[in-house]
Amino acid sequence: MMLHAGFGKFPCTVPRLVATASALLIALNVSGALASPIFPNTKIRLTLIQWMPTKGSYEQWAAVGGDYTVSDKGTIVIPLLGEVSVENKDEPALASAIAKALKEKIGLVDEPAASVEILKYPPIYVVGDVKNPGEYEFHIGMTVLQALAMGGGQMLALDATESPEAVIKLVGDAKEIDDSIMRTAAKIERLEAEMAGQTTFQSKQESNDPVAVAVHQQEEAIFSARANELSRQTKSLTALRDLLSSEIGVLEEKMKSTDANINSAQQQLNSTIALIERGALVATRQADAERVIRGYQDDRLDLTVLIMRARQSISQTTRDLEGLADKRQTEIASALQTERALMSSLQLKKATAQKVLMEALSSGAPWGPAGKPKPEYALVHNSGGRSGETPATETTSMAPGDVLKVTLIAAPRTSAPLSDTSEPKAQDVGQ
């Protein structure tokens, strides 16, 4: 009913507004034709627009819309709705589900216009026998061959791992990975302590390595600095709220004094009127007394406005104080999620490096010529908190968060270089 009334007031403007809003929603959902399932750790942007009949315009729900990161469980936490699952939903389906849920939750007549935009997918990881193993940005339609090209495009030859220089480099790479794992583990330990709300933090990891000791001491210092910062912000907001409360108390006392002045002035006015009626005073004295009362009444109104503003500031300060801890927890959770993903990647890289190093050290293969090595591919995909590995080919499509493992399979070697003047023997070929 309100919507129809609003349209009645703007017979010419509303069609143009509707057309404009429709064009906006089409632009926001331009990726609908290319929609794909939303994966965990994907960063999305939710936009909500609703027609406001009382204003005759469309307004965006900034408090509900915004940027969200999908959790490992495949959910996002939206104000008013709480936890919302994105499982088995693409962008249009998720937008529709949120709009319907908001309509039912708030009791709206119509659903708000909603759109979901993918801002950033989780990265993919390329490890194994590639030139530049590491983390790379994902895009829709990415194949194993494209990921391999991003990882350097040129696989390491297994022959190189059989030289002393290559073995030394592998040992150095393994040590570098161990160092990164140690630093990441220390950071995760500190973030978990912050998430648990601990007031003090001391690393539980013991090591005789001076570098490790320095890293853990650095994390302890970071924990202390962040805790002090939060404490200072909390104390500052609490002090501001207490100051505003004291100010309200002073204003209320002044209001009591003003009320007493008003009562006194009113009594004086009544006496003046009585004297005027008996002819003892001139009539102008009544006007003077009334002006005094009006002055006191104006002062009382000013005090009332100041008290209302102070109470409003107290409410805002209280909201800031309550949101301070929530914002801190959100930042910690996001950082912890990133570090845990990095730890998984580093552990996988470590296992691969150890495997290559052990094969190089324990290889008893002769130093004869070898054929071109053949690459084998495998995808490690995390689904529902469980990791699974499946064989892949160069044309296999990849998903956000996948880990591509590239392994070179060496061709058989001959025991010795063949003579230029003799034919290879059957037993030599079979070796």
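Arginine 300 is partly exposed, with 31% relative accessible area (buried means under 20%, exposed over 50% and partly exposed in between, with a 1.4 Å probe and protein chains only). The structure is a predicted model, in which local features need pLDDT of at least 70 and side-chain atom pairs count only at pLDDT 80 or more, while totals for chains, interfaces and linings use all residues. Residues are numbered from 1 along each chain as its sequence is written, and side-chain values use heavy atoms, with hydrogens and water left out.

Arginine 300 brings us to the charged pairs. Its side chain meets that of aspartate 259 in a salt bridge, at 2.4 Å from N to O (a salt bridge is a side-chain nitrogen of Lys or Arg within 4 Å of a carboxyl oxygen of Asp or Glu). This pair links distant parts of the chain, with aspartate 259 in helix H6 and arginine 300 in helix H7 (residues 284-362), 41 residues apart. Helices (H or I, at least four residues) and strands (E, at least two) are DSSP runs, numbered from the N terminus. Aspartate 259 is partly exposed too, at 25% relative accessibility.

By this rule there are 15 salt bridges. One of them joins aspartate 179 to arginine 183, at 3.0 Å from N to O. These two residues sit four apart in helix H5 (residues 164-195), so about one helical turn separates them. In general, an α-helix has 3.6 residues a turn, so residues three or four places apart point the same way. Both partners count as partly exposed, aspartate 179 at 22% relative accessibility and arginine 183 at 38%. Glutamate 389 and lysine 405 form another salt bridge, at 3.2 Å from N to O. Here the link runs between strand S10 (residues 386-392), which holds glutamate 389, and strand S11, which holds lysine 405, 16 residues apart. Lysine 405 is partly exposed, at 21% relative accessible area. There is also a network of salt bridges, which links Arg190, Glu194, Glu219, Arg226 and Arg328.

Turning to the overall fold, the protein chain contains eight helices and eleven strands. Helix H6 (residues 210-278) has 69 residues and spans 101 Å from its first C-alpha to its last, close to the 102 Å expected at 1.5 Å a residue (the expected span is 1.5 Å times one less than the number of residues). Just after H6 comes glycine 279, with a positive phi of about 85 degrees. Of contacts between residues at least 6 apart in sequence, 66% join residues at least 24 apart, where contact means heavy atoms within 4.5 Å.

Of the 431 residues in the protein chain, 29% are buried. The largest nonpolar core has 36 residues, and Ile76 and Leu404 touch the most other members (a nonpolar core is a set of buried Ala, Val, Leu, Ile, Met, Phe, Trp, Tyr and Cys residues joined through side-chain atoms within 4.5 Å). Elements that each supply at least two residues of this core include strand S1 (43-52), helix H3 (91-106), strand S9 (374-383) and strand S11 (403-409). Helix H3 gives the largest share, five residues. Leaving aside neighbours within four places in sequence, leucine 404 is in contact with residues including Tyr125, Val144, Leu148, Tyr377 and Met398. Apart from this core lies another, of ten residues, among them Ile177, Leu191, Met343 and Leu346.
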